[in-house]
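The sequence and the structure come first.

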Amino acid sequence: MKAVIFDFDGTLTEKKGNLWKRIWKELGHDIGPDSYYVSLFKRFMSGNITHRQWCELTLEAFQEKGFTKQKLDEITDDMTLIQGAEDLIKYLHDRSLELHIVSGNIISVIEKVLGPNNRFISAIKANEFLFDEQGNIIEIVGTKYDHEGKATYIKELCEKKGYKPSEVLFIGNSMNDEWVYRSGARTLCVNPDDTKSENSTIWNQVIHTDNLMDLEREI
């Protein structure tokens with residue numbers, strides 16, 4: 001094993017619900033089945049709009065409600081690492097494994113939640129929020145490494161480092177992780193949430209646990 005790639009939400013963290021959905025809701029937007037939020041997501045997932053367009057339209061909706069960095073901090077203050085996450089990260093780092101996080105979350109939020117554990121992570125690939133001097137959001141820089149892009153990231157990492165895909169382990173839990181198997185990496189689903197965990201093509205292993213150090217014997 002050369003590298004371990006983690007998803008973030010619900011994989012390394014306690015489940016608090018999708019961050020994007022929480023932001024829309026906290027800003028006062030409707031998130032029901034007939035809402036603009038849901039229709040926008042469906043348009044993106046169906047390929048009718050690009051991820052960049054989704055980011056631009058989401059930005060407009062956030063700006064309409066006066067979204068700020070302070071509001072983001074308030075929304076994410078309750079996000080915490082799941083039990084055993086810190087120990088597992090250090091354990092893997094001490095074994096000289098490269099650790100990466102590839103997520104649909106926000107870079108600054110991931111760094112905030114990781115805290116001192118950031119020093120063990122080789123790279124974080126996620127979306128980015130840009131704010132002006134007053135703390136108002138001015139841009140959403142979308143990651144190209146979510147959904148299908150997670151497999152792309154692993155392929156690029158293997159090409160850059162000379163790793164075999166089988167030397168990379170991906171640990172995730174949700175539907176946006178389901179493309180990773182296409183990279184050839186080994187896939188481990190931990191505490192599955194909204195994913196086809198029973199599909200052995202997508203997920204080589206499935207583990208339910210309250211403590212991530214239980215993964216030690218699987219790596």
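Which residues have the most contacts inside the largest nonpolar core? In this predicted model, they are Phe62 and Phe129, within a core of 52 residues. Helix H3 (residues 51–64) supplies the largest share of this core, 5 residues. Not counting residues up to four places away in sequence, Phe62 touches Trp20, Ile23, Trp24, Leu27, Phe67, Phe129, Ile137 and Ile140. In soluble globular proteins, nonpolar side chains tend to be buried together.

Phe44 lies in helix H2 (residues 36–45). Because its relative accessible area is 17%, under the 20% cut-off, Phe44 counts as buried. With neighbours within four places in sequence left aside, the contacts of Phe44 are Ile49, Thr50, His51, Trp54 and His147. Of these, Trp54 is 10 residues away along the chain, and the two C-alpha atoms are separated by 6.6 Å.

Helices H4 and H6 form a contact as well. Their axes come within 11 Å and cross at roughly 45 degrees, which means that H4 is oblique to H6. The crossing is right-handed. The residues that make the contact are listed by helix.

| Helix | Range | Contact residues |
|---|---|---|
| H4 | residues 69–76 | Leu72, Asp73, Thr76 |
| H6 | residues 107–114 | Ser108, Val109, Lys112 |

By class, this contact has 2 nonpolar, 2 polar and 2 charged residues.

Notes:
Residues numbered from 1 in each chain as written. Predicted model: local features only at pLDDT ≥ 70, side-chain atom pairs only at ≥ 80, totals over all residues. Heavy atoms only, no water. Axes fitted to C-alpha atoms, helices over the stretch in contact; angles between N-to-C directions. Helix = DSSP H or I, 4+ residues; strand = E, 2+ residues; numbered from the N terminus. Parallel < 35°, antiparallel > 145°, perpendicular 65-115°, else oblique. Left-handed = near helix turned anticlockwise from the far one by under 90°. Contact = heavy atoms within 4.5 Å. Nonpolar A, V, L, I, M, F, W, Y, C, P; charged D, E, K, R; others polar. Core = buried A, V, L, I, M, F, W, Y, C linked by side-chain atoms within 4.5 Å. Buried < 20%, exposed > 50% of the residue type's maximum accessible area, 1.4 Å probe, protein only.
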